[in-house]
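Let's take a friendly walk around a protein model. Have the sequence and the 3D view ready as you read.

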Amino acid sequence: MGTMLQAEVIEVHSGDDLVVMASLGVDSLYKKVRVRLQGVDTPDAYKAAPDTEAGEVREQVSSMVKGKMCTMDVHTQGKGSWVVTLYLGRDTDKESLNDILKKQGYVFK
């Protein structure tokens, strides 16, 4: 496991491309960061209509996590984005968003 952080999902660009406000765990410091889901590859939904596969996955992910507090397991922190496993809610014993999407066939190959 990497670094565990609490985060609120504030934007959903695609099923595997999100923007979060991550709690750095120190003195109420937060960082707005773009995250990618480790091992997940969904269709790019930038400007995709809601009735496309990309749009449907984006809306599904948005309904599950947007505006909600989640727990992130941060695997790598790059300049442009972090690679994470995102757990629904504050507990890591719940299923991760990564696993939900992989079960639907959106596996990064």
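## About the model

This is a predicted model, in which local features need pLDDT of at least 70 and side-chain atom pairs count only at pLDDT 80 or more, while totals for chains, interfaces and linings use all residues. Residues are numbered from 1 along each chain as its sequence is written, and side-chain values use heavy atoms, leaving out hydrogens and water.

## Helix α1

Start with α1, a helix of 13 residues covering 53–65. Helices here are DSSP runs of H or I with at least four residues, strands are E runs of at least two, and both are numbered from the N terminus.

Which residues of α1 are buried? They are A54, G55, V57, R58, V61, S62 and V65. They lie on the same side of α1 because they cover an arc of only 165 degrees around the axis (the arc of the directions from the helix axis to the C-beta atoms). Buried means under 20% relative accessible area, exposed over 50%, and partly exposed in between (1.4 Å probe, protein chains only).

## A closer look at R58

R58 sits in helix α1 and counts as buried because its relative accessible area is 13%. Leaving aside residues up to four places away in sequence, R58 touches V12, H13, S14, G15, A45, A48, A49 and P50, where contact means heavy atoms within 4.5 Å. R58 and G15 are 43 residues apart in sequence, yet their C-alpha atoms are 4.7 Å apart in space.

L24 belongs to the loop between β2 (17–23) and β3 (30–37). With 36% relative accessibility, L24 counts as partly exposed.

Definitions and conventions
Expected span 1.5 Å × (residues − 1).
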